[in-house]
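I am opening a notebook page on this structure, and I want to set down, step by step, what I looked up.

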Amino acid sequence: MEIVAAERFVKSLMRDNGLESLPFAWDRAVTSYGRTLFVRDRLTREVSAEKITLSKPLIPFLDTEQVHEIALHEIGHALAGYYAAHGPEWRSIVRQIGGNPQRTYDAVSLEDRAKVSKYVIRCATTDKIIAVRQRSTGMLYLCNCCGRPAKVIANR
Ligand SMILES: [Zn+2]
Ligand SMILES: [Zn+2]
């Protein structure tokens, strides 16, 4: 889905579900499609949703139905609250707003993610992509298939 259309779509879903005052933003994640950030109030200690972010690199690989599902997943987090995590309360809210809390997403392949990631981690033996990352900090990978240290390749 195209970025501008996706942003308009997600904001309208947020509005439909009473979250018109919650900010929306793009992030650079390549390991998650969406996030709900929470903050703790210094005085009341209460935790509340701060904003919903979606992955700018990954959303263009997804169709409208998939973006819909991801948006409802995050809207569910904002409505259910931080402590609900992916538990029964969150699941029931996602169902109520028309989402599917069971679904997990392999929607974008590692090969496609590698195209939009800063770092690609490859098996030193087969050259197969093992993981993708946007930061290089602390990246030491042992390959699952051969047990050798994996190669970390910077894309740009
Ligand atoms: Zn979640
Ligand atoms: Zn390997």
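I began with glycine 34, and I found that its bridge partner in β3 is leucine 54. I keep in mind that this is a predicted model, in which local features need pLDDT of at least 70 and side-chain atom pairs count only at pLDDT 80 or more, while totals for chains, interfaces and linings use all residues. Residues are numbered from 1 along each chain as its sequence is written, and chains are lettered from A and ligands numbered from 1 in the order in which they are written.

I then followed the two strands themselves: seven bridges join β2 (residues 34-40) to β3, and the two run antiparallel. For my own reference, strands (E, at least two residues) and helices (H or I, at least four) are DSSP runs numbered from the N terminus, and two strands pair if DSSP finds at least two bridges between them. In the hairpin of β2 and β3, six residues lie between the strands, and arginine 45 takes a positive phi near 65°.

Next I looked up leucine 37, which is found in β2 and stands opposite lysine 51 in β3. Leaving aside neighbours within four places in sequence, leucine 37 is in contact with Glu50, Lys51 and Thr53, where contact means C-beta atoms, placed from the backbone, within 7 Å. Its C-alpha atom is separated by 6.3 Å from that of isoleucine 52, 15 residues apart along the chain.

I could now write down the whole sheet, which is open, has three strands in the order β1-β3-β2, and shows mixed pairing. The edge strands are β1 and β2, each of which pairs on one side only.

I also checked the helices: α1 (residues 3-16) packs on the sheet, touching β1 and β3, and its direction makes about 140° with that of β1. Helix α2 (residues 64-80) packs on the sheet too, touching β2 and β3, at about 15° to the direction of β2. These angles run from 0 to 180 degrees between N-to-C directions, with axes fitted to C-alpha atoms, for helices over the stretch in contact.

Key. Contact = placed C-beta atoms within 7 Å.
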